[in-house]
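Q: Please give me a close look at a single part of this structure. Where does it sit, and what surrounds it?

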Amino acid sequence: MPRVGFAYANRYPDLVQVISVINQKGGVGKTTTVSNLGAALALAGHRILLIDLDPQAHLSIAFDRMPDPGDPSVYTMLAGAHSLVDVIQPTSIEALSIAPTNLDLTGSEQEFSAEIGREILLRDALYKLEELEDPPEVVLLDCPPALGLLSLNALCASKSVIIPVQAEFFALQGMAQLHDVLERVKRRLNPDLDLVGILVGMYTKQRNLSREVVAELRNHFGEVVFDTLVRVNVRLAEAPSHGMTIFEYDRNCAGAEDFRAVAAELAVRLGLSARRRQASADEAPPAIVELVDHVLKPPMPPQVVPPLEAPSTATETVGDRGGED
Ligand SMILES: Nc1ncnc2c1ncn2[C@@H]1O[C@H](COP(=O)(O)OP(=O)(O)O)[C@@H](O)[C@H]1O
Ligand SMILES: [Mg+2]
């Protein structure tokens with residue numbers, strides 16, 4: 001593929017879907033989603049690459065793949081010292097690989113701030129995807145808990161966005177700001193960017209508040225909210241400390257069941273099977289599924305957290321499967 005031309009034109013191999021898992025709030029389940037959704041997709045037969053863009057390196061630590069200082073990492077890749085191929089490491093799941101980071105990434109936002117094209121360092125690095133023998137079908141980017149330069153790099157490198165939110169009172173807080181950033185990135189830097197799904201986590205069916213927050217999110221964002229609600233499940237919190245995804249740690253627990261269901265929904269939204277069939281038929285890939293475009297113009301959430309005093313009367317439309325495990 002030519003390496004000259006319009007800087008923002010998408011030049012990835014046609015079949016690669018790059019997805020930012022983003023929310024500027026910490027502790028909402030970004031890393032949990034990247035590792036377990038990635039693992040679920042890989043176990044369903046898709047080739048998946050996870051990229052750790054958070055200087056806290058939680059994803060890399062969870063896979064026990066944190067590079068030593070100076071070794072190839074997402075930081076050295078963004079700095080131009082190493083290529084993507086050098087950085088990628090295998091995991092214990094065959095179809096799942098990771099581009100890990102270490103604490104060197106801390107301070108990189110300042111370091112790269114004077115670079116020309118500072119928002120597209122990651123996108124540039126990911127053009128090397130075309131050099132991989134067996135390129136991934138999906139790349140999941142684990143974003144830091146801030147809307148700084150690293151998150152902008154993620155958004156400029158992505159085709160789609162998944163926003164994990166907690167089924168808590170403050171779920172909608174910050175969504176207006178995030179929506180505004182997505183719109184500006186779309187307008188100025190990456191016109192192809194689409195919101196592919198909002199994923200509700202830490203859901204407890206027995207809690208009124210959980211149900212009210214889900215109703216509120218569905219009210220604002222409609223179908224773009226995944227049907228699957230990821231339940232509170234202590235196994236999901238335990239798995240990383242054993243260096244495992246939920247499928248290696250306890251493949252039958254509620255957390256594993258939920259992430260399998262999210263993976264199935266995402267595969268449909270991205271048209272993964274259809275894309276693969278097209279790939280094997282060696283035809284042009286389809287445009288991203290129309291469903292995605294169709295659901296992507298949600299009404300703007302209000303600037304403030306909506307009042308949730310009155311118990312919601314909304315009925316549970318999404319399986320009757322929430323609740324503590
Ligand atoms: N569904 C869940 N049930 C129980 N604990 C969870 C669940 N999802 C995430 N956690 C835990 O919550 C904490 C924050 O999640 P994490 O994925 O690290 O969030 P983020 O990456 O957005 O900061 C972690 O300790 C994680 O193990
Ligand atoms: Mg994280």
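A: G45 follows α1 and has a positive phi, near 105 degrees. Helices (H or I, at least four residues) and strands (E, at least two) are DSSP runs numbered from the N terminus. This is a predicted model: local features need pLDDT of at least 70, side-chain atom pairs count only at pLDDT 80 or more, and totals for chains, interfaces and linings use all residues. Residues are numbered from 1 along each chain as its sequence is written, while chains are lettered from A and ligands numbered from 1 in the order written.

Helix α1 covers residues 30-43. Burial is next. Of the 14 residues, 14 are buried (20 or more other C-beta atoms within 10 Å), so α1 is largely enclosed by the rest of the structure.

The open, mixed sheet has 7 strands, ordered β3-β4-β2-β5-β1-β6-β7. β3 and β7 are its edges, each with a single partner, so one side of each lacks a neighbour in the sheet. β6 pairs with β7 in parallel over 7 bridges (pairing needs at least two). There, P164 bridges to L199.

Ligand 1 has 17 residues around it (C-beta within 6 Å); G29, K30, T31, T32 and A237 come nearest. α1 and α10 each give two or more residues to this shell.

Technical notes:
Two residues are in contact if their C-beta atoms, placed from the backbone, lie within 7 Å. Axes are lines fitted to C-alpha atoms, for helices over the stretch in contact, and angles run from 0 to 180 degrees between N-to-C directions. A residue is buried if 20 or more other C-beta atoms lie within 10 Å of its own, exposed if 12 or fewer, and partly exposed in between; C-beta atoms are placed from the backbone.
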